[in-house]
Amino acid sequence: RGYPAVAIAKMKLAFAALLAGSAAAFAPQEAGRAATSLNIGTPGSSWGATLGPSPQGGSVGDQQRILGQTRRTWQFPDINQELVEVDMTSDGRPMYADVQLWIGPDWTPMTMKTYSYDGYKRPLKCIIGTRNKQATIEVKNTGSYELPITCTAAYAKPPFSDLRNELPSKVEGAYVEGGGAVHSVTFDPTVEQAQILLKTDLRQLNAKVEVLNAPNNYKQTFEIFTNNGVLNSLYVVVDTPQASNTVRVRNIAPLEFPFRAYISEV
């Protein structure tokens, strides 16, 4: 027997709604939003806990969580301040990151690659010079998605900002020739922190720093390149929570580019 007229009308309305929904799925996406199922906000707004802070970058002193294979930036517009402190840590997992200094639209005078087997026990604390220019610090997490890091960048303040300038007057610097020369310092088990300063006489600096615990057991590594080892000398402070810590520096620049290494406990 035939269907009631009311039932037929309801079926027609449902079929029309289905057609409208299918057409909307192929319509152009709203401007400013990515056409992806992971889209949970527009760039520049809060992206939620899954994607972390906005990729547009943070203000001076902002703490940002950086997921694997993503990057964050900090702007430093004050030309009257020259030193920036970068602190990086994790929740106990390995930490892989690249740190870059940007000046102007296409100049990167300093890059540093860093690794720590445990970003909680052995975090990164370093000072980067902005050359008294408007600068940007970029930190890229080069680890996998499962290895997030937490990073903060701000203008350095005393007493930490004074340590880089005071260290050469406290310890004698070791002259490290280019072409692969090596210099190492072993610390007493009672030492909790060590500081490392590498600088040149205005020439380029290209070096690798390794923090070892027992022979060839790498706990942290830093590899830096800069075209001016005075304006962008490498200064890092590392934690030494276990016994038998050794800091080893290697000059990976050509023979014509030596540097001096100042290494001591904090």
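How many helices and strands are there in the chain? The chain has 3 helices and 16 strands, where helices (H or I, at least four residues) and strands (E, at least two) are DSSP runs numbered from the N terminus.

## Basis of the model

This is a predicted model, in which local features need pLDDT of at least 70, side-chain atom pairs count only at pLDDT 80 or more, and totals for chains, interfaces and linings use all residues. Residues are numbered from 1 along each chain as its sequence is written, and side-chain values use heavy atoms, with hydrogens and water left out.

## Whole chain

Of the 266 residues, 42% count as buried; buried means under 20% relative accessible area, exposed over 50%, and partly exposed in between (1.4 Å probe, protein chains only). Among contacts (heavy atoms within 4.5 Å) with a separation of 6 or more, 76% are accounted for by residues 24 or more positions apart.

The chain has an accessible surface of about 14100 Å², and carbon and sulfur atoms hold 55% of that surface. Accessible areas come from the Shrake-Rupley method with a 1.4 Å probe; for residues, only the protein chains shown count as cover.

Strand E5 (residues 107-116) pairs in the antiparallel sense with strand E4 (residues 95-103) over 8 bridges. Pairing requires that DSSP finds at least two bridges between two strands. Ala 97 is opposite Thr 114 in E5. The hairpin of E4 and E5 has 3 residues between the strands, and Gly 104 there takes a positive phi near 75°.

E5 also pairs with strand E13 (residues 218-226), in the antiparallel sense over 7 bridges. In this pairing Lys 113 is opposite Glu 223 in E13.

## Helix H3 and its cover

Phe 160, Ser 161, Arg 164 and Leu 167 are buried in H3. The cover of the buried residues of H3 includes strands E3 (83-89), E6 (124-129), E11 (193-199), E14 (234-239) and E16 (259-265).

Ser 161 lies in this helix, which spans residues 160-170. Ser 161 counts as buried because its relative accessibility is 9%. Leaving aside residues up to four places away in sequence, Ser 161 touches Leu 83, Ile 127 and Ala 156.

## A nonpolar surface patch

Leu 202, Val 230 and Leu 231 make a nonpolar surface patch of about 240 Å². Patches are made of residues with over 30% relative accessible area and no salt bridge, like charges being joined within 9 Å and nonpolar side chains (Val, Leu, Ile, Met, Phe, Trp, Tyr) within 5 Å. A salt bridge is a side-chain nitrogen of Lys or Arg within 4 Å of a carboxyl oxygen of Asp or Glu.

Leu 231 is placed in the loop between E13 and E14. With a relative accessible area of 34%, Leu 231 is partly exposed.
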